[in-house]
Amino acid sequence: MDGEGRPHVDGFPQNPLHRRAVGLVQGQPGLLLGSRGKSRPSRDRRRPRHVPLWLVVAALHSHRLLADHLAGTSTHPPHRLESTCHRHLALFHPPLPPSPTPLAPRSLQAQTGWLQHDFGHMSVFKLNSWNHFFQHIIMGAGKGTSSKWWNFRHFQHHAKPNIFKKDPDITLPAVFLIGDTIPVEWGKQRRGSSPYQWQHGYFFLLGPPFLLPVYFHFENLYFCFKRGLWLDLFSMALFMLKFHLTYYPMMGLAGSAGLYFFVRFLESHWFVWCTQMSHIPMEVDRDGEKNWVQMQVEASCNVKGSYFNDWFSGHLNYQIEHHLFPNMPRHNFYKVAPLVESMCKKHGITYTSKPTLMKAFADTVRALKKSGQLYYEAYYHI
């Protein structure tokens, strides 16, 4: 307890400047995050429901980690400052500059994707209107995609990560079944039409290669036409026009179209592995009404930070911190990670962090193989 009667949490210093934040919940033992009330209590009795996330938020505010936007990047280590500035300067580059190799446009497109992700989470500018504006410009004129479509998908993912039929990122049962529970249910009911026992193999053929070039293209266009998002469609048309005008003089129409889809093909591999390594190996189930903190932490995993890992994944190697504090500027994730891990350890919540990207990638394939085998055994009553 501190001098004013407020409890301490290991690693979370109390700051008198935070009396306003602390005062909102002063006198409570902790926030009942995700509680449905006495009539609908949490079904998971293994974890405490009282998770004092308000103490964490107060500590973060004391260090300005939730409010440290563009103006605060000079306070960060040089390699993170360089990485952050590179992504912000990408705003002023053409979407796919002339290059003799698709590696340069692929890299820029991937990093532009991480940048729009920052804007979508309101973590670049203090004014949300500015974040919305720049996300729309980057997604439309910079990537040929609708920002509204992306947010529609992505916000569902953040609301219910790894929840079957509520998280679109892991719900594609026509091709893949993920987790330990759903494959067994479907196997016993003899549902599904794919050879899921081989999904860890055909994932390399259908997952990374086709997600961006094929699946996302159709879903994006369907979403825009169905909702009449004509401004988004106009922005996407401008991107395609700019792309082909850039490369047509050098490669012709067929060459520029081929380059476009090849860049999307390469970018898709980058995107899929960076995003799915944090969720596919984790718990996937139906909505069991866990408290919000436990659901976010146990559906995500981290990969140890490094200059390359942070750059390559857009700092999404700190996936747990990103899910707990989605509007936190990414260059602060590494600062709050030890505090979050301390909180999870104290309250019995599993905090998973992997040492390398290769380990995370391999665990993704192992998880797919395990889920497919569970389906096969349940289907044939082995």
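**Close-up views: salt bridges, helix packing and ring pairs**

**View 1. A salt-bridge network joins Lys354, Lys359, Asp363 and Arg366.** A salt bridge here is a side-chain nitrogen of Lys or Arg within 4 Å of a carboxyl oxygen of Asp or Glu. The structure holds 15 salt bridges. This is a predicted model, in which local features need pLDDT of at least 70 and side-chain atom pairs count only at pLDDT 80 or more, while totals for chains, interfaces and linings use all residues. Residues are numbered from 1 along each chain as its sequence is written, and side-chain values use heavy atoms, with hydrogens and water left out.

**View 2. Glutamate 219 and arginine 153 form a salt bridge.** The N to O distance is 2.9 Å. Distant parts of the chain are linked by this pair: glutamate 219 sits in helix H9 (residues 211–227) and arginine 153 in helix H6 (residues 147–159), 66 residues apart. Helices (H or I, at least four residues) are DSSP runs, numbered from the N terminus. Arginine 153 is buried, at a relative accessible area of 9%. Buried means under 20% relative accessible area, exposed over 50%, and partly exposed in between (1.4 Å probe, protein chains only).

**View 3. Lysine 166 pairs with aspartate 287 in a salt bridge.** Their closest N and O atoms are 2.9 Å apart. Lysine 166 lies in the loop between H6 and helix H7 (182–188), and aspartate 287 in the loop between helix H10 (230–276) and helix H11 (292–298), so the pair ties together parts 121 residues apart in sequence. Lysine 166 is partly exposed, with a relative accessible area of 40%. Aspartate 287 counts as buried at 17%.

View 4. Arginine 264 is buried at 4% relative accessibility. Glutamate 267 is buried too, at 5%.

**View 5. Helix H8 (residues 199–206) crosses helix H15 (residues 357–379) at roughly 130°.** The axes come within 8 Å. That makes H8 oblique to H15. Angles under 35 degrees count as roughly parallel, over 145 as roughly antiparallel, 65 to 115 as roughly perpendicular and the rest as oblique. Axes are lines fitted to C-alpha atoms over the stretch in contact, and angles run from 0 to 180 degrees between N-to-C directions. Gln199, His200, Phe203 and Phe204 in H8 meet Val365, Leu368, Lys369, Ser371 and Gly372 in H15. Contact means heavy atoms within 4.5 Å.

**View 6. Phenylalanine 152 and phenylalanine 223 form a tilted aromatic pair.** The whole structure has 35 aromatic pairs. Rings of Phe, Tyr and Trp (its six-membered ring) pair if their centres lie within 6.5 Å; planes under 30 degrees apart count as stacked, over 60 as edge-to-face and the rest as tilted. In this pair the centres are 5.2 Å apart and the planes stand at 40°. Phenylalanine 152 lies in helix H6 and phenylalanine 223 in helix H9, so the pair ties together parts 71 residues apart in sequence. Phenylalanine 152 is partly exposed at 42% relative accessibility, whereas phenylalanine 223 is buried at 7%.

**View 7. The rings of tryptophan 270 and phenylalanine 312 are stacked.** Their centres lie 4.8 Å apart, with the planes at 10°. Tryptophan 270 belongs to helix H10 and phenylalanine 312 to helix H12 (residues 307–313), so the pair ties together parts 42 residues apart in sequence. Both residues are buried.

**View 8. Ring pairs build a cluster from Trp114, Trp149, Trp150, Tyr215, Phe216 and Phe271.**

Notes:
Helices (H or I, at least four residues) and strands (E, at least two) are DSSP runs, numbered from the N terminus.
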